[in-house]
Each structure stands twice: as C-alpha cells, then as structure tokens.
Amino acid sequence: MGQSLKVLLLCGWLGWTAGAQSVQVDQLQEPLTAEEESYVLHGLNWMAQFYLEQGFHPRNRLNARVFATYPEFSQYQLAHRNFSDGSRPSPTAYFSISADELVTWRTRTLKSLFVHEGNHALLRSDFRHPPKWINEGISECFEGFDFASSPPAFLPQRPRLRKVKRYLTPEFGRQVVSVLDLSDREFNQMSTDRGLDSYTRAWALVFYLWTQAGPRGLGELLRGLKNGEPAREILARLLPGDLEQNLLTFYDQLEPSPPLP
Ligand SMILES: [Zn+2]
C-alpha cells in the first residue's frame, strides 16, 4: 500500500471518529435525572451529527439551567432575558444567545423542550442569524422526534398535527407557505395567534420537507439560506410540483402516531 494511501485512509478514519459528535451539557442549576440525561444526550448528539454531516460545525458544549419550579424559572426569565426582538416570555423554556444558556424548568415535557432549545444552540453555532421560520421550524420538528429509540423515531409533533388537522381548509397550503414572508418580529407576534400560528406553520413546512427530502434536503435548504438564496427558490428545487396543494394532501392523509409509552 502506498504511503499516501495509508495517510489518506488514516485521515479518513480520524475524520470518521471525529464525526461521532459528542455534546457535553454543563448543568448550572438542578441536575437532570439519569433517564432524562440519557434521552437529552441522545437527542443532542443525533442533532449535532446531522449538522456535521450537512457541512456545519455545531458546538460540543452547552450550558443548561433547569429550575425545579415554574416560579423560579419565570422570575429568572424576567430578570435575565432580552425581549427587544418582540418575543414574549415563554411558559416553558428558552435559549439565550447573550447569556449562552438554555433555560427551562421541570415541566412534564422537559426532555422534548430540551431538544427544541438545544437545536437552537446547535444551529446557531455556525449560522448565527437564521430566519426565524427555519430556526423554529427545525426545533419544532426535532422536538417531535422520539429519541428514546436508536435510531430516533421521526414522528410528527402531536400538538402541532392536531392543530393542523383543525385548519385543513383550501387555504391551508397558502397559509403555511406564507410563513416565509414574515419578519422575525411578525413571527414572534403571530406565535400565539388563534388558527394557524407561526410556529405551527413553520413546523408543517419543515416536517413536510423532512418526510419528502430527508436530512439531505434539510441540509441543502440550510446551506442555501445561509448563502442568501431565496427560500422559495430552494424549496421549488427540493419540492417540485404544486407545494401548496401537496401540503394540503399530505396533512389530510397523515395520521397521528400512537402516544409514546
Ligand atoms: Zn424555539
């Protein structure tokens, strides 16, 4: 075997082991239970691997502040979070760029919230200012996945799907795609809308893309957006055909998955 080939093989192997991304969580407040930590690390590592494979450079450390109760969380959020972008106080969790920490509390959905906020941290490591719709759309999409199994089960997020099913009018596809036109401020303001709120629209678009084009499709969308390519042009390439009509047909036929054990 030639020396250069050996070097090449070695580099390939090193590249592969380095690719087995491992994220460390520094717990600043209450510790997670062993079961929670296992789930959360599985989710974080899977997401970090996804970003790595799609050409991004995700961080490998994350600060997490988990409060025992809602009042403690709420008090901390009001004192420390910056609301200048029009975002509202969250009842459950948020990721702070300025403080560089994930903040949440012991709700029933702690593990999936952790995955949601953890995705914001990982995505932003290498794409500092993603449009709000893709940042939230991916977090909502990954939040719905079940990381208790390996590989994860790529399930639709149940509360989002229930909402989508309630608003499957002929206008549905147009409403979902119109999330692309919202400024970040408008997106935040429409987050608590009755009907198809901005988060549900963003989830519906990203989850549909995931089912049709998989991780490669989502990666291509992210790279295109990072390069400043218009979202509609990338989506037209990845999802050829009548997108609005196809969204309606897809969600009309999609059945909710059974509840997790
Ligand atoms: Zn979010």
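Let me start with conventions. Residue numbers run from 1 along each chain as its sequence is written. Since the model is predicted, local features need pLDDT of at least 70 and side-chain atom pairs count only at pLDDT 80 or more, while totals for chains, interfaces and linings use all residues.

On confidence, the mean pLDDT of the protein chain is 91, and 91% of its residues reach 70 or more, pLDDT being the predictor's confidence in each residue, from 0 to 100. Residues 1–19 have pLDDT below 50, and beyond near neighbours in sequence this stretch has two contacts in the model; a contact here requires the C-beta atoms of two residues, placed from the backbone, to lie within 7 Å.

Turning to domains, the assignment gives domain 1 (19–128) and domain 2 (157–256), with bounds that come from an automatic or database domain assignment. Their C-alpha centres lie 23 Å apart, and nine residues of domain 1 are in contact with 10 residues of domain 2. On the side of domain 1 that touches domain 2, there are two nonpolar, four polar and three charged residues, where Ala, Val, Leu, Ile, Met, Phe, Trp, Tyr, Cys and Pro count as nonpolar, Asp, Glu, Lys and Arg as charged, and the others, Gly among them, as polar.

Now the helices, which, like the strands, are DSSP runs numbered from the N terminus (H or I, at least four residues, for helices; E, at least two, for strands). The axes of α2 (residues 34–53) and α4 (residues 110–124) come within 9 Å and cross at roughly 30°, which makes α2 roughly parallel to α4. Axes are lines fitted to C-alpha atoms, for helices over the stretch in contact, and angles run from 0 to 180 degrees between N-to-C directions; under 35 degrees counts as roughly parallel, over 145 as roughly antiparallel, 65 to 115 as roughly perpendicular and the rest as oblique. The residues in this contact include Y39, L44 and M47 of α2 and F114, V115 and L122 of α4, and by class the contact divides into 10 nonpolar, three polar and two charged.

How do α6 and α9 lie relative to each other? The axes of α6 (residues 158–166) and α9 (residues 198–226) come within 10 Å and cross at roughly 100°, and the two helices are therefore roughly perpendicular. R160, K163 and V164 of α6 make the contact with T200, W203 and A204 of α9, giving three nonpolar, one polar and two charged residues.

Further along, α9 and α10 (residues 231–238) have axes that come within 10 Å and cross at roughly 145°. In this pair L209, A213, G217, E220, L221, G224 and L225 of α9 meet A231, I234 and L238 of α10, and the classes are seven nonpolar, two polar and one charged.

Two backbone details remain. A cis peptide bond, with omega about 0°, joins S150 and P151, and P151 sits in the loop between α5 (132–144) and α6. D100, in the loop between β3 (93–96) and β4 (101–105), has phi near 50°, a positive value in a residue other than glycine.
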